[in-house]
Amino acid sequence: MLQSFKMALKSIWGNKMRSFLTMLGIIIGVAAVIILVSVVSGYMNTVVESFASMGVNQISVNVNNMQSRSLSVEDMYEFVDEHPDLYERITPNVSVSYPLKNGNETMSSTSIKGYSEDYLGIKEYEMDTGRNLSYADCMAEKRVAVLGYYTAVTLFGSPEEAMGQKIKIGANSLKVVGIVERQDEDELEEGGTDDFVWLPYSVAAKMSRSANISSYIITTRSTDNTDECTDTLETFLYEVFKNDDFYTVMANSELLDELNSQIAMMSTMLGGIAGISLLVAGVGVMNIMLVSVTERTREIGIRKALGAKKSVIMQQFVIEAAVTSSIGGIIGILLGSLGTGAIGTAMGISAAPSFGAVLLSFGVSVGIGLLFGYMPASRAAKLNPIDALRSE
Amino acid sequence: MIKLPFLKGKEEEAYGNQDPGAPLIELRDIYKIYYMGDEEVHANDGISLKIWRGEFVAIVGKSGSGKSTLMNIIGALDTPTEGEYILGGIDTSEMTDDELAEIRNKMIGFIFQQYNLLPKLNILENVELPLQYAGLGPAERKKKAMESLERVGLQNKWKNMPSQLSGGQQQRVSIARALAGDPSLILADEPTGALDSKTSKEVLNFLKKLNDEGNTIVMITHDPSIAMNSKRVVRIMDGKIMFDGDVKEYAAKL
């Protein structure tokens with residue numbers, strides 16, 4: 001065996017150019033598999049991470065039809081209070097369609113929403129300056145607002161200066177009572193995580209002229225029993241509306257699951273495409289090995305005349321093919337890892353070659369060597385020593 | 001005695017009739033028939049021949065006489081269509097390829113006209129090749145191969161590649177390779193075919209010396225003058241033995 005390996009290395013080294021060209025197919029194939037799979041999964045991880053930061057324990061409820069039956073905020077709070085084992089927090093979620101004004105300028109990217117005092121806890125944010133929205137604010141419809149760090153800095157220069165100031169949303173003026181701690185350490189940007197205004201949901205509802213609140217965010221105590229939480233919620237809503245077309249319940253974790261399965265599919269697909277190039281590389285290996293057998297017919301004849309059995313000749317050629325493709329595979333893994341790092345940096349995502357991709361592509365390249373080396377090898381082994389000796 | 005693994009359990013049967021008086025090679029009514037379209041070509045047409053240990057036999061014949069076919073059968077490179085070939089008491093007529101490979105490896109040392117050295121291996125590795133196929137370990141292989149190279153006087157060139165040697169030297173390497181495995185039979189196919197007359201003489205003298213040391217040699221040649229170096233001549237024509245006798249007898253007939 002060891003001898004066969006030495007012989008294979010010698011033969012590969014003896015035909016440097018040819019061996020390199022054979023390997024090239026495998027190198028490109030393996031590198032492509034690794035780069036594609038790793039970069040895609042790296043990119044997707046980034047997406048998932050940003051998605052997960054939105055809160056995997058959140059369930060959003062949307063009521064689309066308020067005409068026939070109504071669901072009041074009190075009903076929802078009561079429902080959540082009845083199931084303290086399942087749910088932790090609830091807040092109405094009211095969008096405000098008026099833009100935020102900064103002098104004469106409009107800050108159209110700023111997200112303006114009405115929430116309850118629980119929203120800070122749902123987001124797991126802390127206050128930077130001042131206070132959060134309070135229960136009393138919501139009940140008394142006080143015209144107060146909590147700003148995001150970016151919004152406060154853009155409007156007033158600093159969180160401290162923003163305190164007590166008035167902001168204008170549409171025709172309404174609200175007093176700033178607090179600023180939320182900066183969330184994005186890297187950059188403050190328009191429309192980013194730090195660009196928002198929260199106001200009491202009751203105020204927001206009034207500004208939007210909508211009597212009923214149609215959207216809620218509820219958080220679960222644990223992410224393990226999301227299904228039970230959504231089921232209970234749906235049962236409750238069905239009892240109210242008697243029609244499951246009137247509302248939607250969406251758990252973020254479901255979205256995450258969905259996203260994950262999409263990612264898996266995408267990786268598999270791209271891996272498959274790269275896999276095809278590996279297959280083509282395999283055919284290249286077979287081709288070269290067939291040429292090699294033909295070229296070395298005489299050598300095979302001599303070896304057989306001196307007593308080499310079929311299995312020995314077979315082994316020689318299979319090992320040579322396997323070694324060629326393994327070396328190609330290893331070079332491909334190195335190039336693929338380097339390429340993944342470089343592309344990851346260029347794209348600004350953290351992409352690392354996954355162990356699975358490396359293992360798979362290396363396995364495939366060795367497998368290709370064995371598989372496609374087998375046919376030429378068995379042809380070599382079957383050569384008649386006399387015919388082989390006579391060939392020039 | 002040579003050990004052949006595939007004979008496991010049947011050694012007695014195989015070696016049973018191997019008394020010292022029995023021939024090393026026994027060909028019993030050998031036919032080798034090729035089919036060219038509808039036509040049958042009898043390359044060997046009923047050849048019977050016995051060769052004893054220690055003989056130096058030259059098989060002579062023109063090209064197309066069937067001597068190469070005969071050599072292939074004696075060398076266990078091919079099996080006869082009909083008839084039996086018994087080598088060292090073992091019937092090889094019905095053997096599989098792998099069994100024949102083992103017979104070639106353990107019992108026959110080949111010397112070819114074109115030397116047939118592997119160009120990418122050095123001299124030592126070339127001589128080691130049959131020993132490697134016989135399953136010897138690296139140390140033993142090297143020792144035996146060096147001894148063999150010493151016998152042909154090329155021990156100092158063991159690192160060289162075949163292409164760095166002259167034709168005569170290359171043929172000596174191939175003789176060393178043939179001797180390395182201590183074969184029962186040395187089979188030389190036109191051993192001087194590619195050499196000038198001076199080196200031819202050296203090679204022939206070397207074969208004579210090997211024969212004097214007790215080795216059995218069968219040499220195939222088309223050249224009657226080369227055959228004169230042997231002790232016994234078998235002349236083949238049209239697939240049949242036309243003459244089989246002492247070299248002096250053969251010389252007298254020329």
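This is a predicted model: local features need pLDDT of at least 70, side-chain atom pairs count only at pLDDT 80 or more; totals for chains, interfaces and linings use all residues.
## Getting to know chain B

Let's start with the overall make-up of chain B. Its secondary structure consists of nine helices and 10 strands. Of the 254 residues in chain B, 54% are buried. The accessible surface of chain B is about 11,500 Å², and carbon and sulfur atoms account for 48% of that area.

How does the chain fold back on itself? Take the contacts in chain B between residues at least 6 apart in sequence: 67% of them link residues that are at least 24 apart.

## Inside the nonpolar cores

Now look at the inside of the model. The largest nonpolar core contains 66 residues, and B:Ile25, B:Leu27, B:Ile59, B:Ile74 and B:Ile108 have the most contacts within it. Chain A takes part too: its helix α10, which spans residues 252-295, gives this core seven residues, the largest share.

Which residues does B:Ile74 touch, leaving aside neighbours within four places in sequence? Its partners are B:Ile25, B:Leu27, B:Ile59, B:Tyr85, B:Ile108, B:Leu185 and B:Leu187.

## A look at cysteines

How many disulfides are there over all chains? A search of the whole structure gives zero. Are they buried or exposed? A:Cys138 has a relative accessible area of 2%, so this residue is buried. A:Cys229 has a relative accessibility of 0% and therefore also counts as buried.

## Where the two chains meet

Next comes the interface. The size of an interface is often given as the accessible area lost when the parts come together. For chain A and chain B, that buried area is about 2,000 Å², with 57% of it on carbon and sulfur atoms. On the chain A side, A:Leu306, A:Lys309 and A:Ile386 lose the most area to chain B, and together they make up 28% of what that side buries. Counting residues instead, 21 from chain A are in contact with 24 from chain B.

Charged side chains also meet across this interface. There are three salt bridges between chain A and chain B. One of them pairs A:Lys309 with B:Glu102, whose closest N and O atoms are 2.8 Å apart.

Note on methods. Residues are numbered from 1 along each chain as its sequence is written. Chains are lettered from A and ligands numbered from 1 in the order in which they are written. Side-chain values use heavy atoms; hydrogens and water are left out. Helices (H or I, at least four residues) and strands (E, at least two) are DSSP runs, numbered from the N terminus. Buried means under 20% relative accessible area, exposed over 50%, partly exposed in between (1.4 Å probe, protein chains only). Contact means heavy atoms within 4.5 Å. Accessible areas come from the Shrake-Rupley method with a 1.4 Å probe; for residues, only the protein chains shown count as cover. A disulfide is a pair of cysteine sulfur atoms within 2.5 Å. A nonpolar core is a set of buried Ala, Val, Leu, Ile, Met, Phe, Trp, Tyr and Cys residues joined through side-chain atoms within 4.5 Å. Buried area is the accessible area (1.4 Å probe) that two parts lose on being put together, summed over both. A salt bridge is a side-chain nitrogen of Lys or Arg within 4 Å of a carboxyl oxygen of Asp or Glu.
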